[in-house]
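Me: I would like to go through this model with you, one topic at a time. Could we start once the structure is on screen?

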Amino acid sequence: MLGLSVGMLVCSCGDKPSTEKSTSSTVKKADQSKTKSNQKVSKRDNKIPKDQLRRAKEVIANASKESLAGVGGKKIYLASCASCHGSSGMLSMNGATKLKDAKGSLEENVAQIYHGKGMMTAFRGILKDDEIVAVAKFIEVLR
Ligand code: HEC
């Protein structure tokens, strides 16, 4: 309310609106950075569709301990994921989530890797189910 009426006053005299404008835009910027840091703290907000989670459960169930033992999650991560997420999950190339700060469950992560999302590649057909589970377990270690 106050900001609005000040703005209107400035507009009606028309002499030096520039200083008033820059103050109000500084306030806006501060507000934006506040919301950004809030988002960082908040839990995963982009919900994964239920059918994708169901498929993820099957993929996890199919990966036995024995089959996982032979699969190096780290190796897969460095080869397939580090280009966007960084070698230790600190990068966010192409808008990638910083995996260091990610809080998704194993199922959510398997679903995301399997089906892809936004700019992220779907790894179904590129990585075997075992490999997807192995790399999903590996990224939990980065946190
Ligand atoms: C081409 C770049 C790219 C590659 C390669 C990539 N990602 Fe991503 N990743 C993204 C982007 C972009 C997002 C955010 C997608 C969105 O929410 O719209 C993301 C999000 C994620 C998330 C969700 C994090 C969360 O909690 O929201 C996980 C988990 C993830 N990636 C794991 C991986 C793994 C594991 C690999 C390798 C198998 C990988 N990514 C390869 C770009 C990439």
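Reply: Contact here means C-beta atoms, placed from the backbone, within 7 Å. Helices (H or I, at least four residues) and strands (E, at least two) are DSSP runs numbered from the N terminus.

Me: Before we go on, what kind of model is this?
Reply: The model is predicted: local features need pLDDT of at least 70 and side-chain atom pairs count only at pLDDT 80 or more, whereas totals for chains, interfaces and linings use all residues. Residues are numbered from 1 along each chain as its sequence is written.

Me: Which residues of α7 are buried?
Reply: They are Asn 109, Val 110, Ala 111, Gln 112, Ile 113 and Tyr 114. A residue is buried if 20 or more other C-beta atoms lie within 10 Å of its own, exposed if 12 or fewer, and partly exposed in between, with C-beta atoms placed from the backbone.

Me: And Glu 108, buried or partly exposed?
Reply: Glu 108, which is found in α7, is partly exposed because 19 other C-beta atoms lie within 10 Å. In sequence Glu 108 is 56 residues from Gln 52, while their C-alpha atoms are 8.5 Å apart in space.

Me: What follows α7?
Reply: Gly 116 follows α7, and its phi is positive, near 75°.

Me: How do α3 and α7 cross?
Reply: Their axes come within 8 Å and cross at roughly 100°. Axes are lines fitted to C-alpha atoms, for helices over the stretch in contact, and angles run from 0 to 180 degrees between N-to-C directions. The two helices are therefore roughly perpendicular to each other; angles under 35 degrees count as roughly parallel, over 145 as roughly antiparallel, 65 to 115 as roughly perpendicular and the rest as oblique.

Me: Which residues make that contact?
Reply: From α3 come Gln 52, Leu 53, Arg 55, Ala 56, Lys 57, Val 59 and Ile 60, and from α7 come Leu 106, Glu 107, Val 110, Ala 111, Tyr 114 and His 115. Eight residues of the contact of α3 with α7 are nonpolar, two polar and three charged. Ala, Val, Leu, Ile, Met, Phe, Trp, Tyr, Cys and Pro count as nonpolar, Asp, Glu, Lys and Arg as charged, and the others, Gly among them, as polar.

Me: What about α3 with α8, at what angle do the axes cross?
Reply: The axes of α3 and α8 cross at roughly 95° and come within 9 Å. That makes α3 roughly perpendicular to α8. Val 59, Ile 60 and Asn 62 of α3 meet Asp 129, Ile 132 and Val 133 of α8. Four residues of this contact are nonpolar, one is polar and one is charged.

Me: Then α5 and α8?
Reply: These axes come within 8 Å and cross at roughly 90°, which makes α5 roughly perpendicular to α8. Gly 73, Lys 74, Ile 76 and Tyr 77 of α5 meet Glu 131, Ala 134, Val 135, Lys 137, Phe 138 and Ile 139 of α8.

Me: Turning to the core, how many residues are in the largest nonpolar one?
Reply: There are 20, and Val 110, Tyr 114, Ile 132 and Val 135 have the most contacts inside it. A nonpolar core is a set of buried Ala, Val, Leu, Ile, Met, Phe, Trp, Tyr and Cys residues joined through C-beta atoms within 7 Å.

Me: Which helices supply it with at least two residues each?
Reply: Those helices are α3 (50-62), α5 (73-80), α7 (106-115) and α8 (129-141). The most comes from α8, with seven residues.

Me: What does Val 110 touch, neighbours within four places aside?
Reply: Val 110 is in contact with Ala 56, Val 59, Ile 60, Ile 132, Val 133 and Ala 136.

Me: Now the ligand. Which residues come nearest?
Reply: Of the 24 residues around the ligand, Cys 81, Cys 84, Ala 96, Gly 118 and Met 120 come nearest; a residue is near a molecule or strand if its C-beta atom, placed from the backbone, lies within 6 Å of it. The elements giving two or more residues to this shell are α6 (82-85), α7 and α8. Ten residues of the shell are nonpolar, twelve polar and two charged.

Me: Where is Asn 94?
Reply: Asn 94 lies in the loop between α6 and α7. Its phi is positive, about 55°, although Asn 94 is not a glycine.

Me: Lastly, how many helices and strands are there in the chain?
Reply: The protein chain has eight helices and zero strands, and 19% of its 143 residues count as buried.

Methods: Contact = placed C-beta atoms within 7 Å.
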